[in-house]
Amino acid sequence: MFKIHKEKFVHKLRDVTRRSSLLLLAAAFLTSWLTTIPVVVSADQFFTSEFANRTLLLSSSSPGWAFTDGAGNTTNAPPGSGANGQKTSEEFTFNTNTDKDTAGQNINAFTLQYCTGPAGNCTNPGDGAFTTTPPQKSTLDIVLPGSGSTATLGNGADMDGTHNWDIKWKGVSQAGWTIATTHTTDADAYVGSTEKNFLTLKCLVANSCTPIPADHGDAIEIDIYAQNNGYITNPGSGAFFVRIKDFSDSTTLDDTTIMDGGVTVANVMSQSIQITTKVLETMSFSVGTEDPYAYTAGTFGPCDAILPKAPSATTPDNAIALGDPSAEFSLSTTQAYDAYSLWRLSSNSANGASVYYSGDTLRSTEGSFIDRIGTADDTATLPKKGVNQFGLALNGDFPTGTSSITYPGDQSYYDTHHFDSGYVTAYQANDTGPEAWHLPSIAPLAAQAAYSLGGNGAAGLTWDGTTAGPEFAFNNNANTTPVLIASENTQVVDCATGQVRYVADVAGSTAAGIYTTKINYLAAPEY
Amino acid sequence: MQKVRWLAARLSPQRLLYAQLAIMLLCCGLFFGGHATAVVRFEPRSLYINSSVPGAATTYKVTMAYTTQTAVGSLDMLFCMDPIPYDPCVAPPGLDVSGAQYSESGSAPDTGYTLQTESPNHILLTRNPAVVVDGSQVTYTFDNVVNPTDTSHSFAIRLSDYASPSGSANMQPDGSIGVNDLDTIDLGSVLAQVGEGIEIETQVPPYLTFCINHTVEPDCSSTEGEAYTDLGTLDPSKPLTTTSQMAVATNAINGYSVSINGITMAAGTNVINALTVPTVSAPGNNQFGINLRANTSPNMGADPDGAGSAAVISPSYDVPNEFAYNDGDTLVSADSVAIGKRFTISYIVNSSPNIKPGVYTTTLTYFAIGNF
């Protein structure tokens with residue numbers, strides 16, 4: 001019975017052992033997995049006097065061959081950014097152990113050596129010469145600006161990129177230190193490696209440098225700021241250790257002058273996490289005759305579409321009558337008449353948008369027509385009573401003003417329509433901040449020069465062709481080839497509103513009849 | 001032994017441990033996971049349509065630049081209500097590209113396509129694959145594209161390019177492509193919107209300007225004289241003469257006509273014969289006639305004057321020194337819009353030596369009619 005039990009026991013023990021081995025394997029794997037997380041950790045080396053609280057903060061844990069942003073461009077991956085492993089910043093912080101009073105010595109030099117291990121022979125971290133061609137490789141390299149091997153200290157805030165590097169003692173930048181880099185290894189990451197892995201910082205009397213009189217526990221910070229011409233390139237993969245030492249002498253840097261030492265460790269991930277998102281194309285374009293803000297009381301949207309006619313009106317949509325309202329909207333040889341329409345455009349196209357018009361001049365069913373205003377196409381012209389002419393223009397001043405809503409140039413429109421005061425209140429409540437919206441305006445679009453002078457017009461319209469006033473234009477080919485009337489190409493279009501003004505005059509020789517035309521508007525955003 | 005059995009029971013079974021390891025490995029793989037691949041957008045890109053009239057056949061121009069410099073064999077254009085390439089495509093109502101005619105402008109190797117029309121809302125441009133130029137703009141033009149009819153919403157063309165001349169092998173029947181479709185090189189949508197234009201209506205009111213008096217201005221701004229003229233005593237040795245003036249203008253598309261109405265000079269049953277055909281003045285003969293020209297025999301009258309050029313004098317009254325009269329004759333007419341023109345009417349009366357005595361009179365009425 002005992003024998004049986006013993007066999008079972010042995011079997012179970014073997015089983016247990018196997019399971020335990022697997023568990024241990026799992027535990028070991030888990031440990032190595034956890035240690036690949038790029039955290040700031042410290043590792044021990046055997047120094048007589050150790051720096052305390054040693055940390056190393058990298059600006060990027062990307063491998064050194066990675067220097068582009070999520071879109072594959074360098075635009076958003078400048079030196080010192082998280083995506084740029086080729087040009088990184090590093091910040092070392094640690095507390096001194098040796099007290100100047102006890103040792104009778106001040107800190108005159110630091111060395112920082114980058115190795116693949118914390119002790120023993122030093123191999124510079126990396127997996128090969130720099131290449132972005134798969135399989136990508138890089139080896140840690142400290143690049144200094146200028147001649148490349150030496151530089152002088154700059155002063156600046158942490159990691160601000162203003163200066164290439166900095167030493168701080170108890171938070172205060174130290175002046176007069178020099179920095180030099182060398183390739184100092186016992187073994188190389190690859191045959192022929194010359195990358196610099198050794199930093200020497202010295203306080204030289206010749207530079208009016210004051211050695212650091214550190215007490216025990218004083219905070220020291222050494223910063224390398226990445227810029228285009230000075231940076232540290234990460235290795236292509238794996239962990240690296242930085243062996244830090246300080247010395248009491250700037251000439252002799254050896255065990256006879258070493259004061260404290262310590263090692264920090266860092267690791268690079270295989271690749272940054274690329275986050276991409278999309279803002280898809282949008283466009284909203286409306287054409288009509290009435291601004292809803294002239295009628296709607298209460299809640300206003302920031303960019304309501306233009307209405308095709310006044311609310312409750314029985315007229316056809318998008319129809320305007322041009323002429324004397326007391327004479328069945330007929331034209332006269334004694335004065336010109338005008339009318340208005342509106343268009344409104346929003347588009348998130350980064351390269352702006354263009355608005356065109358197309359259509360014919362006023363024409364009767366029997367073939368008579370009213371001439372294009374001006375002596376040539378697209379020529380801003382003062383209208384003249386008694387002359388056969390038709391034209392249009394944007395009110396380039398539409399609208400300007402403050403809370404009093406004074407709109408020179410479009411006065412006739414808004415005077416007639418009694419701009420709703422509720423809209424003014426809503427605008428004033430929302431004219432700042434991220435949700436800000438604005439009064440109707442053609443901006444950011446700009447009217448084409450020949451079509452930009454439709455404002456600045458008085459009522460009566462007894463223009464004589466010489467007195468300054470609004471100017472209009474038209475293109476005789478607009479019916480087949482749309483004509484550009486407004487555009488911009490540098491930003492998204494944030495609810496641009498164009499007020500188009502039409503004018504018509506007739507001469508005694510203008511044949512009687514009903515004249516009509518249809519003007520179409522086209523919007524072409526550029527993404 | 002009991003303790004051993006308890007220990008065996010408490011330890012995880014082998015299979016469970018392997019499962020745990022597998023999960024751990026999987027998590028490691030996910031943690032080190034890789035990176036999302038980002039399909040790049042065509043940039044810049046725009047759509048220009050030559051007419052925004054709903055339902056109209058017009059020209060579309062897609063202008064764009066390739067971003068990824070690689071071999072491209074096809075450019076896909078799918079017309080949908082929304083620009084999202086991963087959504088099912090709803091064709092814009094009314095749009096039809098099946099009759100599109102293709103042309104291109106730009107530089108090789110961004111050109112060289114031929115058109116395949118896949119459906120009323122789908123175009124595939126295809127060619128032998130060639131490496132495109134990064135950033136160089138090219139315009140693809142499609143004539144005879146029928147606009148959609150929905151004016152309330154913009155519509156999009158979903159652009160995508162592929163190495164294969166046949167487009168994407170992974171496009172779904174509903175027009176969507178997968179988020180990580182490996183066939184797609186670059187993506188991008190362009191938008192446009194059709195809409196009703198602004199209809200402008202006006203009218204030019206008709207007018208007919210007519211005046212007659214002894215003297216008038218060509219634009220009838222003023223007249224002088226009286227409607228009654230006493231020619232004096234008939235003399236067989238010389239004609240009695242007088243003149244009057246009239247001016248006419250109209251914007252009637254078909255012009256106007258002016259006629260004269262009334263009997264010849266008469267005293268009761270005694271009449272002075274009207275000249276039914278243009279005849280020179282012959283004193284000693286009973287004659288009554290008019291013309292609208294400058295005369296030298298007798299010396300009177302004037303040719304028409306004024307800016308108008310459309311009006312013409314009827315032939316019977318258009319000969320200097322010859323006179324005529326027929327009741328109801330048209331004196332002047334124009335067949336189109338005619339601005340102000342002034343006519344001088346010359347009247348002559350000759351009498352024979354044995355004309356019956358009496359007071360000879362006539363009343364002449366002029367009618368101006370606009371032909372609108």
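Two residues are in contact if their C-beta atoms, placed from the backbone, lie within 7 Å, and by that criterion, among contacts in chain A between residues at least 6 apart in sequence, 74% join residues at least 24 apart. The model is a predicted one, in which local features need a pLDDT of at least 70 and side-chain atom pairs count only at pLDDT 80 or more, while totals for chains, interfaces and linings use all residues. Residues are numbered from 1 along each chain as its sequence is written, and chains are lettered from A and ligands numbered from 1 in the order in which they are written.

**Confidence**

- The predictor assigns the complex an ipTM of 0.74 together with a pTM of 0.66.
- In chain B the average pLDDT, which is the predictor's confidence in each residue on a scale from 0 to 100, is 86, and 89% of the residues score at least 70.
- The pLDDT is below 50 over residues 1–13 of chain B, a stretch that has 12 contacts in the model beyond near neighbours in sequence.
- Over residues 21–38 of chain B the pLDDT is also below 50, and this stretch has 16 contacts beyond near neighbours in sequence.

**An open sheet in chain B**

- In chain B, 6 strands form an open sheet of mixed pairing in the order E1-E10-E9-E4-E7-E6, where two strands count as paired if DSSP finds at least two bridges between them.
- The edges of this sheet are strand E1 (40–41) and strand E6 (114–119) of chain B, each of which pairs on one side only.
- Strand E4 (residues 71–80) of chain B runs antiparallel to strand E7 (residues 122–131) of chain B, to which 7 bridges join it, and E4(B) is likewise joined by 7 bridges to E9(B), again antiparallel.
- B:Leu78 stands opposite B:His122 in E7(B), and in E9(B) the bridge partner of B:Leu78 is B:Arg158.
- E9(B) and strand E10 (residues 184–192) of chain B run antiparallel and are joined by 7 bridges, with B:Leu187 in E10(B) as the bridge partner of B:Ser160.
- Strand E9 (residues 155–162) of chain B is mostly covered, with 8 of its 8 residues buried, a residue being buried if 20 or more other C-beta atoms lie within 10 Å of its own, exposed if 12 or fewer, and partly exposed in between.
- In a regular strand the side chains alternate between the two faces of the sheet.
- In E9(B) both faces are covered, with B:Phe155, B:Ile157, B:Leu159 and B:Asp161 buried on one side and B:Ala156, B:Arg158, B:Ser160 and B:Tyr162 buried on the other.

**Chain A and the residue A:Asn124**

- Chain A has 4 helices and 26 strands, and 43% of its 527 residues count as buried.
- A:Asn124 is found in the loop between strand E4 (109–115) and strand E5 (126–131) of chain A, and this residue is buried because 27 other C-beta atoms lie within 10 Å.
- Not counting residues up to four places away in sequence, A:Asn124 touches several residues, including A:Tyr114, A:Cys115, A:Asp188 and A:Glu195.

**Nonpolar cores**

- The largest nonpolar core has 134 residues, and those with the most contacts inside it are A:Val355, A:Ile485, A:Ala504, B:Leu47, B:Met246 and B:Val248; such a core is a set of buried Ala, Val, Leu, Ile, Met, Phe, Trp, Tyr and Cys residues joined through C-beta atoms within 7 Å.
- Apart from it lies another core, of 40 residues, among them A:Ile107, A:Cys115, A:Ile142 and A:Met259.

Technical notes:
Helices (H or I, at least four residues) and strands (E, at least two) are DSSP runs, numbered from the N terminus.
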